[in-house]
Amino acid sequence: MVDTKGLKTKILKRNVTIALISTIIIALIALIWLQVHEIKNTEKSFETIDRAFKDVLDSLSRSISLSTEGLDSFILTNLQLSKTLLKNLDTQSALNEIEKIYESSLEKFGTGFVDIDIAIVNREGNVLSATGYFSNVRKIGFKLDPPAENELPKINAFVPDTTRLVTYSWTVLQDENYLLFVTYIDPQLYKGLIHGLSSLTIASVREVAIYVDYQNRLDRSSRMPDEIIAKGLKTDREVIRQPLELTIYKRYELSKYKDVKIPIYLKIKFQSNLPYIVLTYLLIFMITVVIFTYISTRSTIKPFSSDMEKLGTAVREIGNTGILPPASNFMLKETQEFYETLSAILQELSATMQELEATNEELEKSYNEIAAKSEEFKRLLLSISEKLAIIAEGYDEDTGHHIYRVKLLSRYLAEKLGLDEERVEEIHMFASLHDIGKIFVPKEILQKPGKLTSDEWAVMKNHTIYAKKILDVSGFEKALNIALYHHENYDGTGYPFGLVGEEIPIEAQIVKLVDVYDALRSERPYKKGFTHEETLRIMLEGDGRTLPSHFSPKLLEILKEHADKIKKLWEEIG
């Protein structure tokens, strides 16, 4: 017999050694050279784009400076009149009049600005009132510093959440707020420069992006959020390395006034060709190894192949009959030993499987008994809880039929809503427990014929929370949802937690609607019951106390569509 260890050694020495050593050495040398070259090329490309962007910012700054040379005099001309208008008119009317005054003379001022808005802001930068597009802005993004005497500060920035470049000028008002002049810079001054830079194609540069904030790109009209800018750059330049690309971020200063700095961000993505080169070398290596392996193993693999065929035949026989055939004459010693060991293991496994089957039958029987006991206990707990609920309802309902109507109508709505059968059954089973918590509310509050005081009402509302004392057990999760949340309103005005919309479990939404429907139709000591038609009108149109917004729109649609059936079901219980 041929020894397996000797066979492996022979194959590895003859086929792999030469191909492995030569290919790895060549690949390592090439990869090291390529890595050094790629780093130098990337840094050089970045420096070129960095210089170009600085030139763009300098050019933009000069263009804006030329366009704003007379901005101070333009604003100061009517500044006193503006303050007078603010004293004599309401704020918004005054701002509208001030805007008209400045817009009328904007064209005479020059071609650098295309529009102007007026705003009142506080020192924190919060917009209190504004005209035009700026009325949509809530914060300008920086704090305002009080100007020196006879000074009209100016700073260039982008309107928050947009790519519109403006010049802010401001002056202090008597109430310590600021009158802010927002002059919109003509996009023609900078759009061409920005688009020219972003379309640069240098070496391995894949993308050049210019951000005014974390999601607005100056070179694109659509929003493209960037996670790195959103988190904030730790330094003015930050490098992100990924397997297939390199991204460099750099923060620049667009404009400055005292301690206020307006940033603008440059993001450059470099696509590295290094992975493709590595793959090429790996492919060459693989082809080389395969060729050597194929040539050399044809004469040495025959014993192994023959034994594998015999083992395969034996395995198929086991699959068909469950019995391992008698041992064959294998060429490899290890294969012969393996086959004999396998035969012994199979015999032992067969005996073990018989024991396991017998044990499994006993375990299955025990499990079924436990499951039956668990279901019996659950039914018993439900029965006790339902009787407690009837006792609770008996304090403030003329009849205990209320809980049975709630059960029946809740099941009907759940079916029409298209819930699965298990969920429908749970809602039908647990709907009767919706007011179980009232068992902990003092009897004198439940039976009080008049209007509850605010303190009494606070205690009454706690019946939803009290339900946890009974229902916070395994298997009653849906029951607890119903009891805890069935007074939550879809619009968030309910109690105890003020949940909104789909935050409210669907089972609680259903019981909420049914409970209100039944309460409106039922006669109480302090009110007469409404007819079905009156109840529908109140729930679908509202009466000041009950509003359509309290309910799920889907459930209201089902109530409206199946009103006749719901009426019939309710009257059958009586």
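Predicted model: local features only at pLDDT ≥ 70, side-chain atom pairs only at ≥ 80, totals over all residues.
## Overall composition

The protein chain contains 20 helices and nine strands. Of its 574 residues, 40% count as buried. Among contacts in the protein chain with a separation of 6 or more, 60% are accounted for by residues 24 or more positions apart.

The protein chain has an accessible surface of about 32500 Å². Carbon and sulfur atoms contribute 55% of that surface.

## Helix α10

Helix α10 covers residues 401–417, a run of 17 residues. Glycine 418 follows α10 and has a positive phi, near 85°.

The buried residues of α10 are His402, Ile403, Arg405, Val406, Lys407, Leu409, Ser410, Tyr412, Leu413 and Ala414. Arg405 and Lys407 are thus included in the buried set, and both count as charged by class.

## Helix α16 and the loop to α17

Helix α16 spans residues 477–485. Its buried residues include Ala479, Leu480, Ile482, Ala483, Leu484 and Tyr485. The elements that cover the buried residues of α16 include α11 (421–430), α14 (463–466), α15 (468–471) and α17.

The loop between α16 and α17 holds proline 496. Tyrosine 495 and proline 496 are joined by a cis peptide bond, with omega about 10°.

## Packing of α17 and α20

Two packed helices are described by the angle between their axes and by the distance between those axes. For helix α17 (residues 506–521) and helix α20 (residues 563–573), the axes come within 12 Å and cross at roughly 65°. The crossing of α17 and α20 is right-handed.

On the α17 side, the contact is made by Tyr517, Asp518 and Arg521. On the α20 side, Ile566, Lys567, Trp570 and Glu571 take part. By class, the contact of α17 with α20 comprises three nonpolar and four charged residues, with no polar ones.

Aspartate 161 is not a glycine, yet its phi is positive, at about 65°. Aspartate 161 sits in the loop between β3 (154–158) and β4 (165–172). With a relative accessible area of 34%, aspartate 161 is partly exposed, because this value falls between the 20% limit for buried and the 50% limit for exposed.

Lysine 258, a residue other than glycine, also has a positive phi, near 55°. Lysine 258 belongs to the loop between β8 (245–257) and β9 (260–271). Its relative accessible area is 43%, so lysine 258 is partly exposed.

## Isoleucine 264 in strand β9

Isoleucine 264 is part of strand β9. Its relative accessibility is 1%, so isoleucine 264 counts as buried, the cut-off being under 20%.

Leaving aside residues up to four places away in sequence, isoleucine 264 touches Phe53, Leu57, Phe158, Ile210, Tyr211, Leu218, Lys250, Arg251, Tyr252 and Leu254. One of these, phenylalanine 158, is 106 residues away from isoleucine 264 along the chain. The C-alpha atoms of isoleucine 264 and phenylalanine 158 are separated by 9.5 Å.

Methods
Residues numbered from 1 in each chain as written. Heavy atoms only, no water. Helix = DSSP H or I, 4+ residues; strand = E, 2+ residues; numbered from the N terminus. Expected span 1.5 Å × (residues − 1). Buried < 20%, exposed > 50% of the residue type's maximum accessible area, 1.4 Å probe, protein only. Axes fitted to C-alpha atoms, helices over the stretch in contact; angles between N-to-C directions. Left-handed = near helix turned anticlockwise from the far one by under 90°. Contact = heavy atoms within 4.5 Å. Areas by Shrake-Rupley, 256 points an atom, 1.4 Å probe, with all protein chains shown as cover.
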